[in-house]
Amino acid sequence: MADFKNKVVYQIYPKSFCDSNGDGEGDLKGITSKLDYLQDLGVDLLWSTPFFPSPQRDNGYDVSDYCAVDPRFGTMEDLEELIAEADKRGIGLMFDMVFNHTSTQHEWFQKALSGDKKYQDYYIFKDGTPDKIPTNWVSKFGGPAWEYVPGLGKWYLHLFDVTQADLNWENPEVREELKNVLRFWKAKGIKGFRFDVVNLISKPEVYENDYIGDGRRFYTDGHHVHGFLKELVADAEIGDMVTVGEMSSTSLDNCIRYTAPKEKELTMCFSFHHLKVDYKDGDKWSLMKPDLRKLKELFTTWQEGMQAQDGWNALFWCNHDQPRAVSRFGDEGKYWVESAKMLASAIHLMRGTPYIYQGEELGMTNHHYTSIDQYRDVESLNYYQILLDKGKTSEEALEILAARSRDNGRTPMQWDDSHAAGFTTGTPWLAPPENYHRINAKAQMEDAASVRAFYKKLVALRKELAVISEGKIAFILRDDPQVLAYRRYTDNAQMLVLCNLTGENAEVTLPESWEKANILLTNWSRDTIRDKMTLKPYECLALLK
Ligand code: GLC
């Protein structure tokens, strides 16, 4: 297994990172031009979301060729240059493997449509008539999970968009094709892979209706998933690379199996339970304030649970599918800086591998769009219609989208306060929030007290202190309604982390004497520690002894 415990990953969404040719969309040369910025931040690995040929129905997660570069992002030479330039700066690349499904434009699916039996077996086709859908499962993007192809007299499964057809992993030829994709990219010198919704790849033997849910219980962490992953990793010889699986609606027990080194599956995984604590009744499209007790409980269960059986978490608040953390869990106004820093330390000092999503290190916020024309994301557009159909007014639907849309995380990176936040000289494909005049990389690079400077410090601390990268974790103050608190420890060092998750003062009583401990990090100025003390709004404090 690669040495990864002191490393930090930075996630790039290429379409929104940096546009080098003025067409309004980011590209590979744009990424290369910002490598110095990333090296300065200190990150070790860059995970780029897909830049492979794609009709872009789901912004590249609908891949039509796994081993090429979409011309909209550049050329294979541009990609090789990016890999080489990153390597010179000690930065490795991780590519995003979307192996649960392909675009319906992929050659395999096209051959299947033209009647080729071999390729029909690459997907999940079911014979039938148009009036009888195979199951009542619901697609993750809304609507039925099956589409009928009249010319074939068959239905095909799509857990996501109708243009994203699920692959049939039971077919050994499919698995072989996918191993070849990994071999191809490994040979290009990349250092790791992220596997998209990889816990959905194993479908059930029998397809049946779900009368209590949307169908996910039949294919989530499915019966062959661990075997498939073991085979993929062993045969493609990627066991020594950094691998992360995106796990949708998964369980702790499965994540232990996905990541415990003895299982030889993946290095770590993303789970999303902590990002559902503001879903009313579990529904993403129903708003409520984050349930902080639940959040604390989930961190405790996942951190201590993974530790107990040698699992490893990916630590994150943000990605290209999530609204911005500072808007969601922090404060965009008075305590913007403090809350952005507190959220960073809350996860960066935990046990696991931290991920920084582009712009998070600047405290970038949600976009605050007010019209449906400003949105681009397929899920947001689908759900806007679904919300209207359910009887919401367009104002209500827009308020929900403003809080929940994936486009919140996809607005252009805010480089400076010039035209379009310095992202492009043209018209950006998605408009940046107005606040780029104030919140941008240029301003923060010049400010030692900036959110970015704080992130940089956190990245550096993980390399300096084994208690952060290797230490054990135990949560304390478990019943405190405001403060997330944990202890990290090795044989030689102890660290205490306190994060006030709220905009109110919080009284804390430390469990044992920490008065003489050193202050390692704080987002407010503080020089004395008492066993009983008041934490300021969104204050975070890391103590070392
Ligand atoms: C993952 C990706 C998301 C994509 C989906 C389908 O959840 O992160 O962006 O839409 O998979 O591939």
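Visitor: In which hand does α13 pass α14?

Guide: This is a predicted model, and the two helices are α13 (residues 378-389) and α14 (residues 394-404). They pack at an angle of about 145°, with their axes 9 Å apart. The crossing in which α13 passes α14 is right-handed.

Visitor: Which residues make the contact of α13 with α14, and how many of them are charged?

Guide: From α13 come Ser380, Tyr384, Leu387 and Leu388. α14 supplies Ser394, Ala397, Leu398, Ile400 and Leu401. Sorted by class, the contact of α13 with α14 has seven nonpolar and two polar residues, and the number of charged residues is none.

Visitor: How are α12 and α16 oriented to each other, roughly parallel or roughly antiparallel?

Guide: Helix α12 covers residues 336-348 and helix α16 covers residues 451-464. Their axes come within 9 Å and cross at roughly 15°. Angles under 35 degrees count as roughly parallel. The two helices, α12 and α16, are therefore roughly parallel.

Visitor: Which residues of α16 are met by α12, and how many residues of each class does the contact have?

Guide: On the α12 side are Trp336, Val337, Ala340, Lys341, Ala344, Ser345 and His348. They meet Val451, Phe454, Tyr455, Leu458 and Arg462 of α16. By class, the contact of α12 with α16 comes to eight nonpolar, two polar and two charged residues.

Visitor: What is the orientation of α8 to α9?

Guide: The axes of α8 (residues 225-235) and α9 (residues 252-259) come within 10 Å and cross at roughly 15°. Since the limit for this class is under 35 degrees, the orientation of α8 to α9 is therefore roughly parallel.

Visitor: Which residues of α9 take part in the contact with α8?

Guide: α8 passes α9 in a right-handed crossing. Val225, His226 and Leu229 stand on the α8 side of the contact. The residues of α9 are Asn254, Arg257 and Tyr258.

Visitor: How many residues of the α8 and α9 contact are charged?

Guide: The classes in the contact of α8 with α9 include three nonpolar and two polar residues. The charged count is one.

Visitor: What area do domain 1 and domain 2 bury between them?

Guide: Domain 1 is 4-104 + 167-459, and domain 2 is 107-166. Their centres, taken over C-alpha atoms, are 27 Å apart. The contact takes 39 residues from domain 1 and 29 residues from domain 2. With 55% of it on carbon and sulfur atoms, the area buried between domain 1 and domain 2 is about 2,900 Å².

Definitions and conventions. Residues numbered from 1 in each chain as written. Predicted model: local features only at pLDDT ≥ 70, side-chain atom pairs only at ≥ 80, totals over all residues. Heavy atoms only, no water. Axes fitted to C-alpha atoms, helices over the stretch in contact; angles between N-to-C directions. Helix = DSSP H or I, 4+ residues; strand = E, 2+ residues; numbered from the N terminus. Parallel < 35°, antiparallel > 145°, perpendicular 65-115°, else oblique. Contact = heavy atoms within 4.5 Å. Nonpolar A, V, L, I, M, F, W, Y, C, P; charged D, E, K, R; others polar. Domains from an automatic or database assignment. Buried area = accessible area lost by both parts, 1.4 Å probe. Left-handed = near helix turned anticlockwise from the far one by under 90°.
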